[in-house]
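The sequence and structure are placed first for reference.

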Amino acid sequence: MTKLEDFVEHPLAVVCHDAGSANLIIEWLKDYKGIIKACMMGPAKSIWKKHFPDIKLSSVDNIINDSKTLLSGTGWGDIEYSARIKAKKLGIKNIAVIDHWVNYRERFIRNKCEVLPEIIVVSDKYAYNQAQILFPSISIIELPNNYLQTQTKLASAKRVRACKDPFENILIIAEPLRVKKSGKDTYLEFDAIEFFMRSLNKINVSKNYAHIILRLHPSENTEKYDHILEKYQHLVTKINISNHTDLYSDVAWADLVVGMNSYALVVSLSANVPTMCILPPFSIDCVLPYKEIVHLKNKN
């Protein structure tokens, strides 16, 4: 099975909240010929409107009624979980997409109640193997990662020069980790970025010119990291928030991409940009299953 038509019956109801699964699903749907009805909430809403402006969005109830298949994301919002419950009650085919390598079981649990789909779709061999272990009674399907392929091609095409070493343009990928540091009222994403800024002397950063751009997660507000930008602005030539909508534009600009567990690090790695995880020592482990990613905490 290499495309949605191989296992999806239309009309197809699509429900997403988070950006990760929305990005994967949208790329697969570009080649889908059947009838599509969509409910998009959260970050997924703007992504959907960009790619499918002519497909009107509606409520979960409206799109699931009279559909034969539900294709849903597995983010932390409740809309996708709710859609899977409704699909089970209606007896329609129930398919969910896992877009990362963490919290597989928790994605299907709300208030200690687990609601599993009939089919789980993933986009790489690492996720496929993990899903098979965790969900032995569910059909696991791996589809080509069209999103990664598209972003990689776009980043490579947009790049105007080779990555410089020492690094001049540095992209920080922000993300809400939702993990509080033990004993302190601060979140791990702040600690990670501060760990990186304090460790610039361990990295081959240009001493003549260094420009850092911080790319926000779609769910983060623009002021979230202002205190960090202000605190460390004296260490580099320039530091600011990205104004690019598209990830590939920022990756094409960068000589080095750093982050925590974001899928954007996989995109930069695929685009042959030096890529680094900046999770600090004695915190959580990086879940990205790629040995090519450098880990800042291992540098002396």
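Entry 1, the core. Which residues of the largest nonpolar core touch the most other members? I worked on a predicted model, in which local features need pLDDT of at least 70 and side-chain atom pairs count only at pLDDT 80 or more, while totals for chains, interfaces and linings use all residues. Residues are numbered from 1 along each chain as its sequence is written, and side-chain values use heavy atoms, with hydrogens and water left out. I found that Leu29, Phe135 and Phe196 touch the most other members of the 96-residue core. A nonpolar core is a set of buried Ala, Val, Leu, Ile, Met, Phe, Trp, Tyr and Cys residues joined through side-chain atoms within 4.5 Å; buried means under 20% relative accessible area, exposed over 50% and partly exposed in between (1.4 Å probe, protein chains only).

Entry 2, contacts of Phe135. I listed Ile98, Tyr104, Arg105, Phe108, Leu116, Ile120 and Ile140 as touching Phe135, leaving out residues up to four places away in sequence. Contact here means heavy atoms within 4.5 Å.

I looked up the strand order of an open six-stranded sheet and read β11-β10-β9-β12-β13-β14, with parallel pairing. The edge strands, β11 (238–241) and β14 (294–295), each pair on one side only. Strands (E, at least two residues) and helices (H or I, at least four) are DSSP runs numbered from the N terminus; two strands pair if DSSP finds at least two bridges between them.

Is β9 (residues 169–173) mostly covered or open? I found five of its five residues buried. Asn169, Leu171 and Ile173 lie on one side, Ile170 and Ile172 on the other. Five bridges join β9 to the parallel β10 (residues 211–215), where Ile213 is the bridge partner of Leu171. Three bridges join β9 to the parallel β12 (residues 256–259), in which Val257 stands opposite Leu171. Four bridges join β10 to β11, with Leu214 opposite Ile241.

I placed Asn94 in strand β4 (residues 93–97). Why does Asn94 count as buried? Asn94 counts as buried because its relative accessibility is 1%.
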